[in-house]
Amino acid sequence: MMQGKFISIEGTEGAGKSTALQFIKQYLTKNNIDVVWTREPGGTELAEEIRRLVLHPMSFEEIEPETELLLMFAARAQHMKKYILPALNSGKWVATDRFIDASYAYQGGGRGIAMDYITMLDKWIVGSTYPQLTLLLDIAPHQGFERAEKRGTDKDRIEQEKMDFFVRVRDVYLERAKQDPERIKVIDASVPLFAVENQIRDVLDEFIKRR
Ligand SMILES: Nc1ncnc2c1ncn2[C@@H]1O[C@H](COP(=O)(O)OP(=O)(O)O)[C@@H](O)[C@H]1O
Ligand SMILES: [Mg+2]
């Protein structure tokens, strides 16, 4: 069977990633594409446990940036081998709420870890199983936060960072999109939902056509 396609959705908090993922699932299914969805950090039982560790607001001990990065990649290694690769190899498409670009954006941009270290882990753990399409939902961090606040879920440990952290995260996302415009499509996520979905539909149509 032919390998499935791999799509990731990226963006800062409240950009609309989870909302977009639902739309993408529905749209691909309507086009007779067998798609499964997942998220990072997480996606397997163990990786979800690591997610809980790394995102839980901890009062007793600060997590060092290096520890955070390695936990993200530990979860990713598990996710790749146990979930993403088997699904792609069985011909399914995989859509994930966050993936490798988030490590560059959050741990590189946000935390200031040298990109070379992230590239090293990227080559080792992700290798050639790269998303063929990444939808970057771009929004000013403060606008995203207003949305997330309305959604009303508690902030996790990383979401509790200050605004300048998310400005750096966004900058790295946009910089990566500039470096790799074939793969990373920037979606203006600041507009009403129907207008976001129109942009996503256009990108997906184009992607399905050249599959
Ligand atoms: N384009 C949009 N305009 C207004 N509100 C939106 C839009 N997209 C999503 N939302 C709402 O904003 C909140 C955050 O969206 P969500 O998909 O959870 O973001 P993320 O997963 O990126 O954090 C949700 O309540 C969602 O319904
Ligand atoms: Mg979400």
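Author: Happy to. One term before we start: a polar contact is a pair of N or O atoms within 3.5 Å. Please keep in mind that this is a predicted model.

Reader: How far does a polar side-chain atom of Arg147 lie from a nitrogen atom of ligand 1?

Author: The cut-off for a polar contact is 3.5 Å. The pair formed by a polar side-chain atom of Arg147 and a nitrogen atom of ligand 1 has a distance of 3.3 Å.

Reader: How much of ligand 1 does the protein bury?

Author: Ligand 1 sits in the largest pocket, with 14 residues surrounding the ligand. Taken alone, ligand 1 exposes 560 Å², and the share of this that the protein buries is 76%.

Reader: Which helix gives the largest share of the shell around ligand 1?

Author: Three helices each supply at least two shell residues: α1 (17-30), α6 (141-151) and α8 (193-209). The largest share, three residues, comes from α1.

Reader: How are the rings of Phe6 and Phe99 arranged?

Author: There are seven aromatic pairs in the structure. The ring centres of Phe6 and Phe99 are 4.9 Å apart and their planes stand at 70 degrees; planes over 60 degrees apart count as edge-to-face, so this pair is edge-to-face.

Key
Residues numbered from 1 in each chain as written. Chains lettered and ligands numbered in written order. Predicted model: local features only at pLDDT ≥ 70, side-chain atom pairs only at ≥ 80, totals over all residues. Heavy atoms only, no water. Near = heavy atom within 4 Å. Polar contact = N/O pair within 3.5 Å; in protein donor to acceptor, adjacent residues only side chain to side chain. Areas by Shrake-Rupley, 256 points an atom, 1.4 Å probe, with all protein chains shown as cover. 1 Å grid on protein atoms, 1.4 Å probe; cavity = no way out; pocket = protein on both sides within 12 Å on 5 of 7 lines; lining within 4 Å. Sits in = over half its atoms within 2 Å of the grid points. Helix = DSSP H or I, 4+ residues; strand = E, 2+ residues; numbered from the N terminus. Phe/Tyr/Trp six-rings, centres within 6.5 Å; stacked < 30°, edge-to-face > 60°.
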